[in-house]
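Please look first at the sequence and the model shown below, and then follow the explanation from one part of the chain to the next.

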Amino acid sequence: CGTKDYGPMPALVQAVCEVKTLRRAGRRLFHPVPRVDSVVLEVRRRGPPADFARVESRLRRLFAQRLKKSAEAGGRRIEELAPAELMGLCRIDIGDLTGV
């Protein structure tokens, strides 16, 4: 969180999945050679989300004004919030999303 690449989908994935970096994948492994480095991730879902469409829609609305401080976020910018805090703004308990 805290970067311009952090948005609704990464927040949701981090909230409902275990994400583990397995290894780095250098540029030379690809053809044509990209301008960015890559990593291989393992993503394991903790459980099915209760209402994925509703949560995704709410997150997209929250991130639509990412450059502004949000009263809903306690005067902070949305991208500064951890996934658990974002789920709280969506009025979702992470346990409901993960089935735990």
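**A helical turn, a helix pair and the loops**

Being four residues apart in helix α2, Glu56 and Arg60 are separated by about one helical turn, where helices (H or I, at least four residues) and strands (E, at least two) are DSSP runs, numbered from the N terminus. Glu56 and Arg60 form a salt bridge whose closest N and O atoms are 3.0 Å apart, a salt bridge being a side-chain nitrogen of Lys or Arg within 4 Å of a carboxyl oxygen of Asp or Glu. Arg60, at 45% relative accessibility, counts as partly exposed; on this scale, buried means under 20% relative accessible area, exposed over 50%, and partly exposed in between (1.4 Å probe, protein chains only).

This is a predicted model, in which local features need pLDDT of at least 70 and side-chain atom pairs count only at pLDDT 80 or more, while totals for chains, interfaces and linings use all residues. Residues are numbered from 1 along each chain as its sequence is written, and side-chain values use heavy atoms, with hydrogens and water left out.

The protein has four helices and four strands, and along the sequence these follow the pattern α-β-β-α-β-β-α-α. Of its 100 residues, 29% count as buried. Among the contacts in the protein with a separation of 6 or more, 59% are between residues 24 or more positions apart, contact meaning heavy atoms within 4.5 Å.

Glu56 and Arg60 also take part in the meeting of two helices. In α1, Pro8, Met9, Ala11 and Leu12 meet Phe52, Val55, Glu56, Leu59, Arg60 and Phe63 in α2. The residues of this contact of α1 with α2 divide into eight nonpolar, no polar and two charged, where Ala, Val, Leu, Ile, Met, Phe, Trp, Tyr, Cys and Pro count as nonpolar, Asp, Glu, Lys and Arg as charged, and the others, Gly among them, as polar.

How do the two helices lie relative to each other? The axes of helix α1 (residues 8-16) and helix α2 (residues 52-63) come within 9 Å and cross at roughly 135°, which makes α1 oblique to α2. The axes are lines fitted to C-alpha atoms, for helices over the stretch in contact, and angles run from 0 to 180 degrees between N-to-C directions; angles under 35 degrees count as roughly parallel, over 145 as roughly antiparallel, 65 to 115 as roughly perpendicular and the rest as oblique.

Side chains of opposite charge can pair when their charged atoms come close. Another salt bridge joins Asp37 and Arg27, with the closest N and O atoms 3.0 Å apart. Both Asp37 and Arg27 lie in the loop between β1 (17-25) and β2 (38-45), so the pair ties together parts that are ten residues apart in sequence. Asp37 is exposed, with a relative accessible area of 54%, and Arg27 is partly exposed, with a relative accessible area of 35%. The loop between β1 and β2 also holds Pro32, and the peptide bond from His31 to Pro32 is cis, with omega near -5°.

A further salt bridge pairs Glu79 with Arg77, the closest N and O atoms being 2.5 Å apart. Here Glu79 is buried, with a relative accessible area of 6%, while Arg77 counts as partly exposed at 29% relative accessibility.

The remaining stops concern residues that lie apart in sequence. In the loop between β2 and α2 sits Gly47, which counts as buried at 10% relative accessibility; its C-alpha atom is separated by 7.1 Å from that of Val16, 31 residues apart along the chain. Glu72, in the loop between β3 (69-70) and β4 (76-77), counts as partly exposed at 40% relative accessibility. Leaving aside its neighbours within four places in sequence, Glu72 is in contact with Arg58, Leu62 and Leu89, and the C-alpha atoms of Glu72 and Leu62, ten residues apart along the chain, are separated by 8.9 Å. Finally, Glu85 in helix α3 (residues 83-89) counts as partly exposed at 34% relative accessibility, and its C-alpha atom is separated by 8.5 Å from that of Ala73, twelve residues apart along the chain.
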